[in-house]
Amino acid sequence: MRERIRLLYDQLPFAFISNFAISTGLVGLLWAGGQHGKLIGWLSAVLLLGMGRAFLFLRFKRQNKDSFAGRRWARLYVLAALMSGSLLGAAGILFYQEQI
């Protein structure tokens, strides 16, 4: 179990980079359409969550190998991934504009 969880956490830096790139690209594409306050708020939330995930990654890497709490680290990873996916998915609801 330890090895599987370590592999998950090893992928987090790629998740940070891709989330940042996708989020800033989306904001760039939608900027001309207005809703600047919503866009900045959403991007700020994405970046704040990314910082939280980076903190989680650093804590995982600095943990004591002798007292590995696998279930706890797995739950934290899943919770952070769910929050990230929900926040990215919320963009579809927040920024949807019906075309006439």
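**Helix packing and aromatic pairs in the predicted model**

Leu39 is in contact (heavy atoms within 4.5 Å) with Val27, Leu30, Trp31, Gly34 and Phe95, when residues up to four places away in sequence are not counted. Leu39 belongs to helix α3, where helices are DSSP runs of H or I with at least four residues, strands are runs of E with at least two, and both are numbered from the N terminus. With a relative accessible area of 0%, Leu39 is buried; this class means under 20% relative accessible area, exposed means over 50%, and partly exposed lies in between, for a 1.4 Å probe and protein chains only. Between the C-alpha atoms of Leu39 and Lys61, which are 22 residues apart along the chain, the separation is 33 Å.

The model is predicted, and local features accordingly need pLDDT of at least 70, side-chain atom pairs count only at pLDDT 80 or more, and totals for chains, interfaces and linings use all residues. Residues are numbered from 1 along each chain as its sequence is written, and side-chain values use heavy atoms, with hydrogens and water left out.

Helix α3 (residues 36-61) packs against helix α4 (residues 70-94) at an angle of about 165°, and the two axes are 11 Å apart; axes here are lines fitted to C-alpha atoms, for helices over the stretch in contact, and angles run from 0 to 180 degrees between N-to-C directions. This angle makes α3 roughly antiparallel to α4, given that angles over 145 degrees count as roughly antiparallel, those under 35 as roughly parallel, those from 65 to 115 as roughly perpendicular and the rest as oblique. The contact brings Lys38, Trp42, Ala45, Val46, Leu49, Arg53, Leu56, Arg59 and Phe60 of α3 to Trp73, Leu76, Tyr77, Ala80, Ala81, Met83, Ser84, Leu87, Leu88, Ala91 and Leu94 of α4. Classified by residue type, the contact of α3 with α4 comprises 16 nonpolar, 1 polar and 3 charged residues, where Ala, Val, Leu, Ile, Met, Phe, Trp, Tyr, Cys and Pro count as nonpolar, Asp, Glu, Lys and Arg as charged, and the others, Gly among them, as polar. The crossing of these two helices, α3 and α4, is left-handed, a term applied if the near helix is turned anticlockwise from the far one by less than a right angle, with right-handed used if the turn is clockwise.

For helix α1 (residues 2-10) and α3, the packing angle is about 140° and the axes are 10 Å apart, and α1 and α3 are therefore oblique to each other. The crossing of α1 past α3 is left-handed. On the α1 side the contact is made by Ile5, Arg6, Tyr9 and Asp10, and on the α3 side by Leu56, Phe57, Phe60 and Lys61. These residues of the contact of α1 with α3 divide into 5 nonpolar, no polar and 3 charged.

Rings of Phe, Tyr and Trp (its six-membered ring) are paired if their centres lie within 6.5 Å, with planes under 30 degrees apart counted as stacked, over 60 as edge-to-face and the rest as tilted. By this rule the count comes to 7 aromatic pairs. In one of them, the rings of Phe16 and Phe57 have centres 6.3 Å apart and planes at 85°, so the pair is edge-to-face. This pair links distant parts of the chain, with Phe16 in helix α2 (residues 12-30) and Phe57 in helix α3, 41 residues apart. Phe16 is partly exposed, at a relative accessible area of 22%, whereas Phe57 is buried, at 15%. Phe60 and Phe68 likewise form an edge-to-face pair, at 6.3 Å centre to centre and with 75° between the planes. Phe60 counts as buried at 3% relative accessibility, and ring pairs link Tyr9, Phe60, Phe68, Trp73 and Tyr77 into a cluster.

Asn19 lies in α2, counts as buried at 16% relative accessibility and, with neighbours within four places in sequence left aside, is in contact with Val46, Arg53, Ser84 and Leu88. Ser23, which also lies in α2, is buried with a relative accessible area of 0%, and under the corresponding exclusion of neighbours within four places Ser23 contacts Trp42, Leu43, Val46 and Leu88. Ser23 and Leu47 are 24 residues apart in sequence, and their C-alpha atoms are 8.8 Å apart in space.

In the loop between α2 and α3 is Gln35, which has a positive phi of about 55° although it is not a glycine. Most residues other than glycine have a negative phi. Gln35 is partly exposed, with a relative accessible area of 28%.
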